[in-house]
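Q: I have a new structure open and would like to learn how to read its features. Could we go through it together?

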Amino acid sequence: MRKKVIAGNWKMFKTVAEARSFLTAFIPLVEGSSAQVLFAVPFTALHAAVQAVAGSKIVIGAQNMHDAKEGAFTGEISSSMLKEAGAQFVLLGHSERRAIFHESNEFIQRKVKSALAAGIKVILCIGESESEREAGKTEEVLRAQLDGSLPEMQFADLDQLTIAYEPVWAIGTGKSATAAMAQEAHRFCRMHLGKKWGEERARRVALLYGGSVKPENCKEILAQPDIDGALVGGASLDPQVFAKIALSS
Ligand code: PGA
């Protein structure tokens, strides 16, 4: 049985002070949750967030990383910097990085490889746009993103990898995929990973759904057989709202 994972993606929200007060309010609310709760926080809030969750089971990570160890890459951040700040995982290939910052599968693949080599867990994000779905290309896009963004995986790396399926048209729009649609895409991803690595290995990888997850729709989504959790943007910014999601899995 894969444990349910509920991950908050704060995007470019929350200063250090805001992160501290959120976590202070949030921690007691989820004491009874059986899910693994994660937050991908802005770089500047990493250290404070790690300190704020000390003693709880909540895990803190980052939202992006460069693949190089160090170098002349103004504005970028390396795996060792993230590790030192206490990040245990990193989101890679989020659709906002792919679309707004033009990150390619090839670049994302290098980042995934570099994070795993540095001992940082990875949540790799994939997902089709609205026009791709309408053109019937969802599976083609997911296949290309999985093949293009994932490096060769060692057996030991599989437990360090989580994949988040986030249809771009559902992110921040309030328009979530139906539970059946999400399950279908997850089933496809697991089947494709099974072809690459063998079914046994594909079964070990946690697959999260993301895109307008909220307390009202999370139960049905999380009940699907190939959905192991949720990656939550907007609804992770309020402690009460996010706690409801964490408690309903
Ligand atoms: P949303 O964002 O929950 O606000 O749709 C999800 C994400 O981008 O990870």
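**Reading salt bridges and a ligand site**

A: Happy to! This is a predicted model.

Q: Which residue does R110 meet in a salt bridge?

A: The general idea is to look for a side-chain nitrogen of Lys or Arg within 4 Å of a carboxyl oxygen of Asp or Glu. Here, the side chain of R110 meets that of D67, with N to O at 3.1 Å. This pair joins distant parts of the chain, 43 residues apart: D67 sits in the loop between β3 (59-61) and α3 (79-85), and R110 in helix α5 (residues 105-117). D67 is buried, with a relative accessible area of 18%. D67 and R110 also belong to a salt-bridge network with E106.

Q: How many salt bridges are there by this rule?

A: The count is 12. Among them is R133 with E128, whose closest N and O atoms are 2.7 Å apart.

Q: Now the ligand: which residues come nearest?

A: Of the 13 residues around the ligand, the nearest are K11, H94, E166, G172 and S212. By class, this shell has 4 nonpolar, 7 polar and 2 charged residues.

Q: What part of E166 is 2.6 Å from a ligand oxygen atom?

A: An N or O atom in the side chain of E166. For G172, a backbone N or O atom lies 2.6 Å from a ligand oxygen. The protein covers 96% of the 280 Å² of accessible area that the ligand has on its own.

Methods. Residues are numbered from 1 along each chain as its sequence is written. This is a predicted model: local features need pLDDT of at least 70, side-chain atom pairs count only at pLDDT 80 or more; totals for chains, interfaces and linings use all residues. Side-chain values use heavy atoms; hydrogens and water are left out. A residue is near a molecule or strand if one of its heavy atoms lies within 4 Å of it. A polar contact is a pair of N or O atoms within 3.5 Å; within protein, one must be able to donate a hydrogen and the other to accept it, and residues adjacent in sequence count only if both atoms are side-chain atoms. Accessible areas come from the Shrake-Rupley method with a 1.4 Å probe; for residues, only the protein chains shown count as cover. Ala, Val, Leu, Ile, Met, Phe, Trp, Tyr, Cys and Pro count as nonpolar, Asp, Glu, Lys and Arg as charged, and the others, Gly among them, as polar. Helices (H or I, at least four residues) and strands (E, at least two) are DSSP runs, numbered from the N terminus. Buried means under 20% relative accessible area, exposed over 50%, partly exposed in between (1.4 Å probe, protein chains only).
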